[in-house]
Amino acid sequence: MQVLAPAKINLSLKILDRRNDGLHELDTLIAPISLYDEIRIDKRRSGKGIEFRCDDPSVPQGDDNLAVRAAKAFFETTKIEPAVSIELKKKIPHGAGLGGGSSDAASVLLALNDLFETKLSRDALAEMAEPIGSDVSFFLFQSAAVCKGHGEIVTPVKLQKQFSIVLLKPGLAVSTAWAYSRWQHSREIPGIRYEAQEFAGQTFANDLERPVFEKFVFLAQLKTWLLSQLEVGAALMSGSGSTMFALMCENADADSVATRAKAALDPELWMCACKTL
């Protein structure tokens with residue numbers, strides 16, 4: 001069985017408070033986008049267990065991989081003896097704030113539910129997903145959604161329009177746990193735009209820009225550059241970074257903006273032009 005695991009961007013991310021368990025209360029609007037990891041899952045004809053392969057050697061293996069953890073959770077919950085192979089082709093960079101690992105985990109849960117005809121409800125899958133990662137529950141719904149709690153309370157929504165976007169990521173990764181731990185005591189960099197942006201009837205803001213920009217100043221510079229381009233309606237960091245995304249004005253050429261960004265700022269920038277789903 002072949003499945004596509006989409007990336008995501010946070011169109012808005014508000015941190016409401018820190019909870020007693022150390023996690024943060026969130027209110028975030030997330031949209032899946034047309035950038036995908038490719039996953040092939042098959043029942044093994046011989047041998048038992050979960051066999052995992054990935055074309056990216058930097059991706060964690062075994063229990064450190066969210067897709068493997070999702071498969072283990074599925075088999076432990078259903079009491080089915082595991083005998084599957086999972087092959088992952090990575091297109092979504094990790095440490096990018098694009099949810100690649102969480103999407104892989106959700107896609108594995110959905111695929112195994114089909115492959116083994118277990119007919120588990122989305123709520124039952126979400127119960128398995130919650131301990132794996134905060135974005136895994138979101139990806140189970142295959143829709144834009146408002147997520148609250150620490151991400152596990154998911155309310156699907158329909159976006160007012162499909163956005164054309166460009167993703168830009170420098171060669172650095174940001175730890176999500178670190179970004180949240182720094183949120184409370186971080187400060188704004190003078191001259192950088194942090195306030196909410198309005199574009200095409202939608203509000204865009206990300207509270208994690210403050211701690212992340214304080215350490216990774218290049219990301220703040222990248223946002224400022226994007227906002228100075230005529231084709232760009234809004235620009236924001238996704239999640240805890242390090243990907244910045246720009247929402248394009250009507251009929252604008254996203255590839256042209258990305259190419260100019262590489263020339264003006266960093267020839268090694270990873271770039272991708274895609275759309276919200």
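A nonpolar core is a set of buried Ala, Val, Leu, Ile, Met, Phe, Trp, Tyr and Cys residues joined through side-chain atoms within 4.5 Å. I wanted that on the page before opening this predicted model.

**Entry 1: the cores**

I looked up the largest nonpolar core and found 38 residues in it. I39, I86, V108, L109, L112 and L140 are the ones with the most contacts inside this core.

Setting aside neighbours within four places in sequence, L112 is in contact with I41, A71, F74, F75, V84, E117 and T118. A second, separate core has 31 residues, including I192, A220, M244 and A258.

**Entry 2: the overall build**

I listed eight helices and twelve strands in the protein. The radius of gyration is 19 Å, close to the 19 Å from the globule rule for 277 residues, so the protein is as compact as a globular protein of that length. I noted a C-alpha trace spanning about 60 × 40 × 35 Å along the principal axes.

Of the 277 residues, 50% are buried. Looking at contacts with a separation of 6 or more, I found that 71% join residues 24 or more positions apart.

**Entry 3: surface and charge**

My next stop was the accessible surface, about 12,800 Å², with 48% of it belonging to carbon and sulfur atoms. I also have 31 positive and 35 negative side chains, and the centres of the two sets lie 2 Å apart.

**Entry 4: S12**

Is S12 buried or exposed? S12 counts as buried because its relative accessibility is 14%, and the cut-off is under 20%. I find S12 in strand β1, residues 2-18. Beyond its neighbours within four places in sequence, S12 is in contact with D27, T28, L29, T203 and A205. I also checked S12 against E268, 256 residues along the chain, and their C-alpha atoms are separated by 27 Å.

A reminder to myself: most residues other than glycine have a negative phi, and most peptide bonds are trans. I went looking for departures from that.

K79 has a positive phi, near 65°, and is found in the loop between α1 (66-78) and β4 (83-89). With 72% relative accessibility, K79 counts as exposed.

A200 also turned up, with a positive phi near 50°. I place A200 in the loop between β8 (197-199) and β9 (202-206), and at 34% relative accessibility A200 counts as partly exposed.

Which peptide bond did I note as cis? The bond from G241 to S242 is, with omega near 15°. S242 is found in the loop between β10 (232-237) and β11 (244-248).

Conventions:
Residues are numbered from 1 along each chain as its sequence is written. This is a predicted model: local features need pLDDT of at least 70, side-chain atom pairs count only at pLDDT 80 or more; totals for chains, interfaces and linings use all residues. Side-chain values use heavy atoms; hydrogens and water are left out. Helices (H or I, at least four residues) and strands (E, at least two) are DSSP runs, numbered from the N terminus. The radius of gyration is taken over C-alpha atoms; the globule rule is 2.2 Å times the number of residues to the power 0.38. Buried means under 20% relative accessible area, exposed over 50%, partly exposed in between (1.4 Å probe, protein chains only). Contact means heavy atoms within 4.5 Å. Accessible areas come from the Shrake-Rupley method with a 1.4 Å probe; for residues, only the protein chains shown count as cover. Lys and Arg count as positive and Asp and Glu as negative; His and the chain ends are not counted. The place of a charge is taken as NZ of Lys, CZ of Arg, CG of Asp or CD of Glu.
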